[in-house]
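Below is a brief report on one protein chain.

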Amino acid sequence: MTTTRNLPRKRAYALSARPLSVMLAAALLLNSLPLQAATQPAPAGGEAPAKPEQLVSGGRTYGVTLKQLGAGTPMVIRGVEGSFSLPFDIRADEVVSSARLRLRYTYSPALLADLSHINVLVNGEVAASVPVPKESAGEPKETVVDLPSQLITQFNNLNVQLIGHYTMECEDPLHSSLWANVSNRSTLELTVTPLVLANDLSILPLPFFDRRDSRPLTLPFVFAAAPDNTTLEAAGILSSWFGALASYRGARFPTAVNQLPTKGNAILLTTGELRSGGLDLPAPSGPSVTLVPNPNDMYGKLLVLGGRDAKELKRAAQAVVTGSKALTGQRAVITQLAELEPRKPYDAPNWLRSDRPVKFGELVPPTSLNVSGFAPPTIPVDLRLPPDLFGWRESGIPLDLRYRYTPQQLSTSSTMTLGVNDQLVKSFPLPSIERLNGGEGLLAKLQTDSSIPVRAQMELPLQLMPPRSRLQFRYQYDYIKEGQCRDVIIDNVRGAIEPDSTIDISGFKHYIALPDLAVFHNSGFPFTRMADLSQTAIILPDSAGTAEYSAYLGVLGRLSESTGYPALNVTVARAEQVSGLADKDLLVIASGDNQPLLKQWSSQLPVSLAEGGRRFSLSDWVYQAWNWVVPNPREDTGKARNSLSFTTDGASVVFAGFESPLRSGRSVVAISATRPEGLAEAVDALIGEDRTEFIQGSVSVVRGKQVDSLVSGPTYYVGSLGFFKTIQWYAARQPWILLLLAVFGIALLGLLVYIALRARAARRLNA
């Protein structure tokens with residue numbers, strides 16, 4: 001059954017860049033005004049959110065957009081039988097009772113209504129055929145398609161197929177009039193009924209995280225009593241593990257003390273017996289992990305970590321994240337846990353290795369490197385590079401590319417293009433058999449293998465490669481027309497990127513100018529330099545509450561999303577303990593006026609937060625006319641020239657980066673909210689959902705979904721270049737050093753000549 005209605009045409013909106021002065025003025029002005037309501041009517045044709053989750057009798061209903069399922073852009077379907085496919089999965093603890101697709105689409109006015117239609121398929125079976133009437137062609141439409149629930153399993157494919165014809169006579173199967181556009185704002189709406197899973201630790205990380213669920217992860221943490229630092233370290237190990245598992249989804253961890261959630265799953269940490277709230281658990285006899293039902297929800301589960309003290313609690317957390325696959329039964333007591341080998345810098349599982357060339361087969365499944373068809377989809381290879389790669393005077397990142405293609409008998413412009421983040425880097429021709437001269441060697445090769453191997457060695461410009469980059473390989477083959485009524489599409493062309501292709505960053509030094517909150521936002525740097533956060537300390541307020549605990553767990557989840565590794569060795573401390581942490585990078589969390597370090601270090605901070613007031617330190621780097629001297633135009637080596645103070649009753653969050661007052665070369669990132677509840681906005685900003693602007697510079701002010709950033713304060717450097725590279729770098733930054741070296745060299749040469757002449761004169765006198 002389908003229903004159809006017209007949609008308004010989409011409007012175009014342009015975003016303009018704002019200069020720093022305007023950005024700063026806006027930040028100060030808006031902070032002095034009361035906050036306006038965040039909910040406003042969406043513009044016609046604008047981005048529509050997926051249907052919010054709703055509770056229904058015996059289950060719940062939720063919606064996910066095709067964009068959330070992986071369609072980054074609207075999908076254009078071309079040809080007589082064009083199609084696209086998207087995977088969608090169902091949680092292991094749910095079964096689908098009903099489903100429907102709210103399809104937003106537009107189709108060509110040239111399609112013949114009697115012969116053309118759009119098919120919606122689930123797992124290869126047709127769920128509905130949508131007609132394409134002539135009177136509404138070329139206009140945005142919305143159709144609701146009911147999907148048979150019996151076709152939906154845990155792992156599924158949603159396919160939309162265009163059957164298109166534009167004439168009753170002979171037609172070109174790739175004619176330009178054969179098209180349909182499906183919006184990635186189309187929504188898949190599912191009603192699911194929960195299932196009761198077994199109380200068996202072998203199902204971990206289920207049901208707390210299910211990789212089949214594409215929605216953001218929200219997992220409550222409950223402390224049986226007010227947590228100490230070691231208990232918080234145990235909780236941080238778990239939240240970072242779940243944050244790494246959640247990956248692109250994002251993860252949030254609301255916290256509570258001695259209060260179980262009324263619904264759903266949660267993590268519970270305790271160092272004593274639990275005889276209240278419907279729980280009946282004896283006092284732990286050692287590090288233990290127990291999976292029990294949530295007494296408030298028959299479908300919910302509690303993962304209870306216990307120990308006789310906080311150290312045993314931390315040991316139990318380490319056992320869960322490193323050995324969950326070995327745990328079985330409802331309860332496990334950890335009797336022995338082997339120590340893991342210490343991590344090395346830049347060895348995060350998600351990061352591109354810095355010590356050797358890396359094969360593409362290590363980065364993506366080899367099967368994803370193969371495509372077929374005349375215009376197949378792009379082959380993506382996602383990369384996460386260390387953000388401190390130093391590319392000054394380096395030619396580029398070596399790429400040893402090996403690929404294969406099916407040569408056509410005749411073609412003139414078949415190509416394979418290489419792009420980085422939607423920017424073209426190079427185009428490789430795919431010569432036809434005719435252009436390859438069709439020699440006996442070639443023919444013999446094609447008899448055993450229909451594709452031709454090619455190898456190309458090149459270098460990728462480092463400036464095109466941010467920490468999160470995507471290599472994009474796209475094959476495009478000529479379609480040779482045979483003539484009237486003779487054109488038939490034969491799907492016999494293939495393309496492949498060989499898994500043995502390599503990319504190599506081992507020749508680059510690690511050196512970066514800080515503070516730069518962009519690398520903290522994108523990669524968690526410098527904290528993630530060690531994947532287990534062994535050189536990181538989180539400084540919480542002495543009077544920390546659930547808001548600070550939630551922010552701490554959320555930030556750790558975001559850092560481990562970058563590394564792909566849990567924070568097994570993170571340190572949690574309070575302000576009075578910071579003097580013993582000079583060898584660590586510090587992440588300071590504060591709300592209101594509860595963090596004494598922000599007062600103690602106020603002279604080093606580019607921005608200071610007090611109860612109801614703020615102070616910004618302003619430098620004059622934007623007025624300097626000699627930026628050609630400094631290779632990094634964002635660099636500012638001078639101290640602040642002025643400061644600006646103001647008060648506000650609005651809620652906001654400030655991210656500030658600066659060099660550690662305890663030791664040079666170490667970093668501090670402070671996350672401070674005017675109110676405790678504002679720290680949730682800090683986690684949202686780090687996850688980066690629904691934001692067109694991101695955290696960057698040395699100071700960023702976050703108000704709801706708006707982020708304003710600026711550069712303020714002196715620059716410091718982290719990393720090492722080696723002796724000769726350091727001399728070259730500093731000489732390039734300061735031309736007077738070159739002059740000094742030249743004068744010194746001339747003086748030394750003159751001295752050597754003088755000594756040689758004196759020695760020669762002495763020999764003459766002696767002769």
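The accessible surface of the chain comes to about 36700 Å². Carbon and sulfur atoms hold 54% of that surface. Areas come from the Shrake-Rupley method with a 1.4 Å probe; for residues, only the protein chains shown count as cover.

This is a predicted model: local features need pLDDT of at least 70, side-chain atom pairs count only at pLDDT 80 or more, and totals for chains, interfaces and linings use all residues. Residues are numbered from 1 along each chain as its sequence is written, and side-chain values use heavy atoms, without hydrogens and water.

Of the 767 residues in the chain, 50% are buried (under 20% relative accessible area, 1.4 Å probe, protein chains only). Contacts mean heavy atoms within 4.5 Å. Among those between residues at least 6 apart in sequence, 78% join residues at least 24 apart.

The chain has 10 helices and 43 strands. These are DSSP runs, numbered from the N terminus: helices are H or I of at least four residues, strands E of at least two.

Two strands pair if DSSP finds at least two bridges between them.

| β32 | 509-514 |

Five bridges join β32 and β43.

Helix α8 covers residues 679-687. Its buried residues are L679, A682, V683, A685, L686 and I687. Just after α8, G688 takes a positive phi of about 85°.
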